[in-house]
Amino acid sequence: MNAYGATRRVPPACGRPGLLATFHVREATVTVTLDPASSTTSFADLNLPKPLLKALREAGIDSPFPIQAATIPDALAGRDVLGRAQTGSGKTLAFGLALLARLDGGKARSRHPRALVLVPTRELAMQVADSLTPLAKSLGLWCRTVVGGMAFTRQADALHRGVDLLIATPGRLSDHVRQGTCNLSDVTFVALDEADQMADMGFLPQVREILDLTPRDGQRLLFSATLDGDVKKLVDQYLTDPVEHSVAPVTASVDTMEHHVLQISFRDKQAIVTEIGAREGRTIMFVRTKHHVDRLTERLRASGVRAAALHGGKTQGQRNRVLADFKSGDATVLVATDVAARGIHVDDVSLVLHVDPPADHKDYLHRAGRTARAGASGVVVMLITHDQRRTVRRLTDRAGVRPENTTVRPGDAELARITGAREPSGEPVVERRREPQQARRGQQRGFGGRPRSGGRQPERGFRGARNGQGRSHRPGGRTPARRRDG
């Protein structure tokens with residue numbers, strides 16, 4: 001092997017036998033590209049603690065996904081890990097199982113968490129907590145969340161009791177550090193999930209400040225759809241001799257997704273969207289602005305489509321209820337801004353509809369990733385008018401997509417073939433009444449499970465005024481950080 005790199009077979013100690021890997025010696029980086037067709041037979045092959053294996057079996061999780069099989073052995077060996085994989089590929093368990101296994105047998109001090117998972121949004125934090133909390137309990141570990149939109153004092157109380165694995169958004173964690181309710185000096189394991197989205201949302205200054213407060217010799221696991229630009233700078237600064245695992249290209253799946261571009265006239269758009277909304281199965285519709293989300297949802301419900309709205313202007317309690325309705329089937333259509341493009345996992349979403357074309361190819365890929373998750377199949381459809389053709393063609397080329405292009409009108413057979421569109425009932429959907437007692441029970445749930453309902457609280461950073469955001473009149477000078485909820 002020369003100084004710049006060579007290709008050889010990976011011995012079992014590095015991963016799984018028979019994998020092709022490229023070792024870049026000069027940069028002290030190991031890149032392993034895993035063949036998704038070859039998979040480890042079970043989690044037992046990964047040397048995880050027996051209680052974790054039992055909890056996985058009880059949850060019906062038998063075989064690891066490629067990203068899990070690739071990264072867990074290196075993470076258990078103490079290596080810093082870079083994981084690049086498309087959304088829905090199983091990244092949560094990839095870093096979560098490794099962190100829990102390394103935490104096994106220890107005990108957290110008051111206000112001193114032992115491991116940290118940083119995520120960009122509250123929704124993703126709750127999803128990660130839902131996945132990892134039962135597994136943590138199997139080892140006798142405490143897993144808690146620290147996010148905006150939930151009671152600060154309740155989070156502080158849990159931190160005071162001791163937390164082994166803390167799942168947090170950068171802004172709210174910054175609040176706790178500044179208020180003295182959380183100390184990061186014992187955090188020897190850190191996982192950054194959706195690092196590219198944190199960069200897009202302007203959170204990297206906060207992330208750096210948080211990492212600076214953790215031990216420099218701690219282990220770092222970074223997972224992202226892309227590893228370039230600001231994310232690469234973060235890697236260069238904070239990861240030591242990382243091994244990189246890539247299990248999917250940064251383009252849309254061509255095996256499990258159908259991609260369609262439907263050219264329509266502007267005057268037909270609402271009718272077409274309504275017919276698509278009346279289809280069978282779960283549908284997510286993406287639009288650009290919060291106002292458009294609310295307006296489209298009202299029109300769909302007035303036509304008989306059970307639609308629900310999700311955007312950054314809603315309180316955390318409202319977001320949770322919307323997602324619960326969508327998961328349970330009480331709502332069959334979720335109308336959302338790009339706040340739902342990442343970190344929202346709902347099984348059996350069979351269609352993603354770009355009502356408004358995304359801003360760039362990355363947004364296209366993340367929106368599309370809400371369907372065809374974990375090996376399932378799905379359809380991705382984008383509606384465009386004649387003047388948007390060139391822009392959309394450039395966007396799909398950069399996303400690595402060659403969509404089928406079709407011109408449709410309301411009621412067309414091709415529209416029904418591609419999307420399952422059908423005539424809506426026309427009977428307005430009445431808002432479902434919720435029992436006050438149920439609502440009160442929902443408000444009393446702590447974090448680590450479903451969040452409390454309540455007013456939305458903005459994410460905040462350590463030094464908001466220096467970022468040009470000004471100071472608020474709240475204690476500690478907390479200031480809102482940037483969000484791109486639409």
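This is a predicted model: local features need pLDDT of at least 70, side-chain atom pairs count only at pLDDT 80 or more; totals for chains, interfaces and linings use all residues.
Q: Which residues touch the most other members of the largest nonpolar core?
A: The core has 45 residues, and those touching the most other members are L48, F95, L97, L135, L165 and L221.

Q: And which elements give two or more residues to this core?
A: Those elements are the helices α1 (50-58), α2 (66-76), α3 (91-103) and α4 (122-138), together with the strands β5, β7 (165-168), β8 and β9. The largest share comes from α3, which gives nine residues.

Q: What does L221 touch?
A: Leaving out residues up to four places away in sequence, L221 touches A75, R79, V81, F95, A98, L99, V190, A191 and L192.

Q: Switching to α8, which of its residues are buried?
A: In helix α8, residues 204-212, the buried ones are L204, Q206, V207, E209, I210 and L211.

Q: What covers them?
A: The cover includes the strands β5 (115-118), β8 (189-193) and β9 (219-224), as well as the helices α6 (170-179), α7 (195-200) and α9 (229-238).

Q: Last topic: how do the axes of α10 and α11 cross?
A: The axes of α10 (residues 269-277) and α11 (residues 290-302) come within 10 Å and cross at roughly 65°, and the two helices are therefore roughly perpendicular to each other. The crossing is right-handed.

Q: Which residues make that contact?
A: From α10 they are Q270, V273 and T274, and from α11 they are L296, R299 and L300; by class, the contact has three nonpolar, two polar and one charged residues.

How values were computed
Residues are numbered from 1 along each chain as its sequence is written. Side-chain values use heavy atoms; hydrogens and water are left out. Axes are lines fitted to C-alpha atoms, for helices over the stretch in contact, and angles run from 0 to 180 degrees between N-to-C directions. Helices (H or I, at least four residues) and strands (E, at least two) are DSSP runs, numbered from the N terminus. Angles under 35 degrees count as roughly parallel, over 145 as roughly antiparallel, 65 to 115 as roughly perpendicular and the rest as oblique. A crossing is left-handed if the near helix is turned anticlockwise from the far one by less than a right angle, and right-handed if clockwise. Contact means heavy atoms within 4.5 Å. Ala, Val, Leu, Ile, Met, Phe, Trp, Tyr, Cys and Pro count as nonpolar, Asp, Glu, Lys and Arg as charged, and the others, Gly among them, as polar. Buried means under 20% relative accessible area, exposed over 50%, partly exposed in between (1.4 Å probe, protein chains only). A nonpolar core is a set of buried Ala, Val, Leu, Ile, Met, Phe, Trp, Tyr and Cys residues joined through side-chain atoms within 4.5 Å.
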